[in-house]
Amino acid sequence: MTSTHRGPEEVQDQEVRTLLEERATRLRGRADGSADETVLMVAEFPLGEERYAIPLDTLRAALPLRLVTPVPLSEPHVIGVLRYQGQVLAALSLAALMGGHGWRQDPAVLLVVDRGDGELCALDCEAIPRPLSLPSAAVEAARTHAEGPVTEVLLSTTRQVIHLIDLPRLFARGAGARNAG
């Protein structure tokens with residue numbers, strides 16, 4: 001039985017079906033084009049007006065900043081200390097370690113990270129980071145031009161720059177200056 005007049009429910013069902021088919025086609029296209037491409041999973045967060053990330057495998061926890069106990073007369077990059085799984089960790093200002101980048105809003109989160117030498121520390125952050133995948137090829141290409149602890153990775157899909165922080169390099173760079181003082 002064929003009807004030339006469609007009711008509102010049939011039109012809506014057809015629109016939903018068309019939308020779902022378009023999405024499925026787009027997803028199939030992504031899967032076909034990137035099935036063999038490896039990705040680096042990162043934890044991405046804002047630092048001032050820019051987007052920064054750390055490799056997800058270095059992130060151990062995200063904790064509220066209120067757990068920090070201030071340490072009087074500490075160096076400017078040291079916020080204080082906190083207890084994490086029976087250990088006392090240093091809580092550090094990521095903005096200060098990065099060379100003075102400012103936050104848009106007061107940090108509310110601490111990221112417990114592996115510094116790259118097996119030691120843990122906490123870094124302040126504006127917000128809980130979100131997981132993001134970066135194409136490994138783009139990361140490796142960007143690393144060939146990076147000199148410091150930050151690699152600028154351009155996401156081809158969104159034309160957005162993600163500043164990938166190499167934690168071992170960041171802490172190796174700051175260790176000489178901190179130990180001299």
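Which residue in β9 does L40 stand opposite? The views below, drawn from a predicted model, begin with that pair.

**View 1. Strand β1 pairs with β9.** L40 stands opposite L134 in β9. Strand β1 covers residues 39–47 and strand β9 covers residues 130–135. The two pair in the antiparallel sense, over 6 bridges.

**View 2. Strands β1 and β2 form a hairpin.** Strand β2 spans residues 50–55 and runs antiparallel to β1, with 6 bridges joining them. E44 stands opposite A53 in β2. The hairpin has 2 residues between its strands. G48 takes a positive phi there, near 70 degrees.

**View 3. An open sheet holds 6 strands.** Their order is β3-β7-β8-β6-β5-β4, and the pairing is mixed. Strands β3 (59–64) and β4 (69–70) stand at the edges. Each has a single partner strand, so one side of each is left without a neighbour in the sheet.

**View 4. Strands β6 and β8 run parallel.** Here 2 bridges join β6, residues 87–92, to β8, residues 120–125. A91 stands opposite A122 in β8. Among the elements of the protein, β6 has the highest mean pLDDT, 94.

**View 5. Helix α4 has the lowest mean pLDDT among the elements.** The helix covers residues 167–180, and its mean is 66. Over residues 176–181, pLDDT stays under 50. The model has 4 contacts beyond four places in sequence for that stretch. Where pLDDT is low, the predicted coordinates should not be read in detail. For the protein, the mean pLDDT is 82, and 81% of residues reach 70 or more.

Technical notes
Residues numbered from 1 in each chain as written. Predicted model: local features only at pLDDT ≥ 70, side-chain atom pairs only at ≥ 80, totals over all residues. Heavy atoms only, no water. Pairing = 2+ DSSP bridges. Helix = DSSP H or I, 4+ residues; strand = E, 2+ residues; numbered from the N terminus. pLDDT = per-residue confidence, 0-100. Contact = heavy atoms within 4.5 Å.
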